[in-house]
Amino acid sequence: MFWLVASTIVAAGMAIGMIFVRLNAAKKPASVKKIILPPLFMSTGALMFIFPVFHIAWIQVLEAFFVGMIFSILLIKSSKFEVRDQDIFLVPSRAFPFILFGLLIVRIVIKLIIGSTISYGETSGMFFILAFGMIVTWRVSMLYQFLQLKKNALPNG
């Protein structure tokens, strides 16, 4: 029970952090680097799978990644760019904090359901894959939107 509560608190803290990062990001121009670095940094978390306690079956990897892709739809819908003074900026969405906390609540409920049938290590592995699938899908979509806007709206494309 301790690990469930602790991991939930950490996840809530990360969601709050993401809200502040997203609000600050809206003040500075977007770039390809700023879009692709977060998934790359997060990918280092896959080192957890070195340890047998976190191993999961390939079907669980696919399920978790697919659920992450579905969850990313809300993030994709709330991520828009605009051109200001020859730069591209991410437009802050008022719905973003609600979407993040809504996704957090859904993930907690799923974690409670799944956590009662599989080990904590497997649950952790699956939720890492879910989060990674969500952020990769979201960021690939953002990169596509950014590049399209850069090509079509800026004079030097």
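A nonpolar core is defined here as a set of buried Ala, Val, Leu, Ile, Met, Phe, Trp, Tyr and Cys residues joined through side-chain atoms within 4.5 Å. Residues are classed as buried under 20% relative accessible area, as exposed over 50%, and as partly exposed in between (1.4 Å probe, protein chains only). The model is predicted, so that local features need pLDDT of at least 70 and side-chain atom pairs count only at pLDDT 80 or more, whereas totals for chains, interfaces and linings use all residues. Residues are numbered from 1 along each chain as its sequence is written, and side-chain values use heavy atoms, with hydrogens and water left out.

The chain contains five helices and two strands, where helices (H or I, at least four residues) and strands (E, at least two) are DSSP runs numbered from the N terminus. In sequence order these elements give the pattern α-α-α-β-β-α-α. The C-alpha trace spans about 55 × 30 × 20 Å along its principal axes. Of the 157 residues in the chain, 34% are buried.

The chain exposes about 9,600 Å², of which carbon and sulfur atoms supply 75%; accessible areas were computed by the Shrake-Rupley method with a 1.4 Å probe, and for residues only the protein chains shown count as cover. Charged side chains comprise 14 positive and 5 negative groups, and the centres of the two sets lie 5 Å apart. In this count Lys and Arg are positive and Asp and Glu negative, with His and the chain ends not counted; each charge is placed at NZ of Lys, CZ of Arg, CG of Asp or CD of Glu.

The largest nonpolar core holds 29 residues, among which L75, F81, L103, I129, W138, M142 and F146 touch the most other members. Two or more residues are given to this core by each of helix 3 (58–77), strand 2, helix 4 and helix 5. The greatest share comes from helix 5, with 10 residues. For M142, when neighbours within four places in sequence are left aside, the contacts are I35, S79, F81 and L90.

Helix 5 also contains S124. This serine is classed as buried because its relative accessible area is 18%. Apart from neighbours within four places in sequence, S124 is in contact with M48 and F54.

A polar atom of the S119 side chain lies 3.2 Å from the backbone nitrogen of E122. The C-alpha atoms of S119 and F2 are 14 Å apart in space, although the two residues are 117 apart in sequence.

The loop between strand 1 (80–84) and strand 2 (87–91) includes D85, and Q86 is also placed in the loop between these strands. D85 has a positive phi of about 50° although it is not a glycine. The phi of Q86, likewise a residue other than glycine, is positive and near 65°. D85 is classed as exposed because its relative accessible area is 75%. Q86 is exposed, with a relative accessible area of 52%.

Note on methods
A polar contact is a pair of N or O atoms within 3.5 Å; within protein, one must be able to donate a hydrogen and the other to accept it, and residues adjacent in sequence count only if both atoms are side-chain atoms. Contact means heavy atoms within 4.5 Å.
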